[in-house]
Each structure stands twice: as structure tokens, then as C-alpha cells.
Amino acid sequence: MVETIGELSKPLAGKRALVAGGDGEIGSVISAGLAADGADVAIAGLEEDSCQELADRLATGENRTGGHAFDTTDPDSVAGLVDTLTQDWGGVDILVNCVGILKLNLAENFDAAEWRSVVDINLTGAFLLSQAVGKAMIKQGTGGRIVHLTSVRGHVGLAIGGFSAYGASKAGVHLLIRQLASEWGKHQISINGVGAGFVRTALSEAALQNPDFANMVAARTPLGRVAELQEVANTAIYLAGPRSSFITGQILYVDGGLSASQ
């Protein structure tokens, strides 16, 4: 069923959402937005305490929340997380995957073990989460939404060295999104990605204090600035909700026009 705008004051009421990496900077904003839209929100990350603390803050009295520890590179851990939600809440309707790692080094110097760790977390982890949640959604028979946080670096290269592992892993996620969308459309499961450009975070704030770096970022971006956390979160929440009901297999770039101009 396609909802009308008038029916969407709480567009995710009754939906069960899993936010992997939901206690991180972007993930916590996404988790808050999903809860505000009425969803039950399970926040999963490496540390259960921080996930549960956020879950407690997002409980509204009208939704369910919970914090969970898991390891995105461990198939048993991922499957166990989804099994727990299926048992406790009866299923999963939405997955938003915010788990990711960035390790920088020149391509000629990149250590093979570090390369594998980036690919394991960013790409293999995205697959394991998609696979476990996809199985649950197929069994439920009511469709679902899967959204992966990804990056413009999976689409365009950068002359500044260091992004070979990260960019390759995110490019893999982009193809994974398209492939799963093609396979699982018959189950009414949509899979999309949010391709972020440079985002203002606690980590990036220090770099942005350097005028040369800030000016370089602004000059490369048609809108002339970096993204705010809420702007990235808004796009993920849109793709997780009913307003994006006929969108699947897409990477929606939140990059101020960077990918369009390279």
C-alpha cells in the first residue's frame, strides 16, 4: 500500500528498525530520527552499555528500544543479533547499517592485514548484515527496507593518497546494493545507500580548523561546504520510510554536488 502524505505524521509507527553502529555520531542521529517517526529502534554496536544508554534516551513510551552488542565481522554474532530481535520483537522491518572504518595510507605502503580489516568491516560486514536481515524479511513475507551508509569515495577517486582500501570497500558496497535490490525485489525488500561526502564530525572538525583544508573542501564542492550530520541522517531516514516506496538499488549522494562535478 502507498500511504498518502496525510497519513505520515508517524510514518514508521509499528516498524521494527535495527541500526547497526547506531551509537556512533551519524548512527545516533539516525536512531533518534527513526524513533521520532514512531519506529521501535534496536541500537547495535561493539559496546552494549553505550547502545543501551542511547536506547533508553530514545524510548518515547509509544515505541520499544533496546541496546545490543555485536561484531559485524562475525557471522554468528550478526545472526545471533537478528535472531534475538526476531524472537523479542517478532521480526525486523528496517536495517540501517552505519558500521564503517577508515584507514588511510598510500597505496604503495598499504599493509595487507589492514586492507583486509577495512574490507571485512565495510564490505563483508555489510553483506553479513544484509544476509541475516534479508533472510528474516523473506521469512516474514512483508518486505522491508535496508539502507547502507556509504561514501562518495566509492564512486570517485581522490588525488590525495590514502583511500584505496576505503574506496574499494565502498565501491563493493555499491554493487552489493544493486545486486541485492535485483535479487530481493520479488520479496518487496528495497536496498539503497546514502553516499556521503565530507561530513562535519568530531573527527573532521579538527581538520576543518585548518583554513587551507577547509578552503580545499569548499572549492571541490559545488554547494561550497561540508554536510551536517542531520543532512546525512535525513536521507537515511527517508530511504527507510514509506516516502521512498518505489526506490531501490540506488546510491543517493549527500555530497553537495561533488560527485556530479568530478
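In which sense do strand E2 (residues 40-45) and strand E3 (residues 65-69) pair, and over how many bridges? Select both strands in this predicted model. E2 and E3 pair in the parallel sense, and five bridges join them. For one of these bridges, pick alanine 42: its partner in E3 is glycine 66.

Together with E2 and E3, helix H2 makes a β-α-β unit, and the unit is right-handed.

**The sheet**

Now show every strand of the sheet. The sheet is open and has seven strands, in the order E3-E2-E1-E4-E5-E6-E7, with parallel pairing. Go to the edges, where E3 and strand E7 (251-254) stand; each has a single partner strand, so one side of each is left without a neighbour in the sheet. Looking across the strands, the twist from one to the next averages 20°.

Keep the sheet on screen and select helix H5 (residues 164-184). H5 packs on the sheet and touches strand E5 (144-151), strand E6 (189-196) and E7. The direction of H5 makes about 160° with that of E5.

**H4 against H5**

Show side chains at the contact. On the H4 side, the residues include Trp115, Leu123, Phe127 and Ile138. On the H5 side, among them are Tyr166, Lys170, Val173, Leu176 and Trp184. By class, the residues of this contact are 14 nonpolar, seven polar and one charged.

**H1 against H8**

For the last stop, select helix H1 (residues 25-36) and helix H8 (residues 229-240). How are these two helices placed relative to each other, parallel or oblique? Their axes come within 9 Å and cross at roughly 50°, and H1 and H8 are therefore oblique to each other. H1 passes H8 in a right-handed crossing.

Colour the residues that meet here. H1 contributes Glu25, Ile26, Val29, Ile30, Gly33 and Leu34. From H8 come Leu229, Gln230, Val232, Ala233, Ala236, Ile237 and Ala240. Sorted by class, the contact of H1 with H8 has 10 nonpolar, two polar and one charged residues.

Technical notes. Residues are numbered from 1 along each chain as its sequence is written. This is a predicted model: local features need pLDDT of at least 70, side-chain atom pairs count only at pLDDT 80 or more; totals for chains, interfaces and linings use all residues. Side-chain values use heavy atoms; hydrogens and water are left out. Axes are lines fitted to C-alpha atoms, for helices over the stretch in contact, and angles run from 0 to 180 degrees between N-to-C directions. Helices (H or I, at least four residues) and strands (E, at least two) are DSSP runs, numbered from the N terminus. Angles under 35 degrees count as roughly parallel, over 145 as roughly antiparallel, 65 to 115 as roughly perpendicular and the rest as oblique. A crossing is left-handed if the near helix is turned anticlockwise from the far one by less than a right angle, and right-handed if clockwise. Contact means heavy atoms within 4.5 Å. Ala, Val, Leu, Ile, Met, Phe, Trp, Tyr, Cys and Pro count as nonpolar, Asp, Glu, Lys and Arg as charged, and the others, Gly among them, as polar. Two strands pair if DSSP finds at least two bridges between them. A crossover is right-handed if, with the strands pointing away from the viewer, the path from the first strand over the helix to the second runs clockwise.
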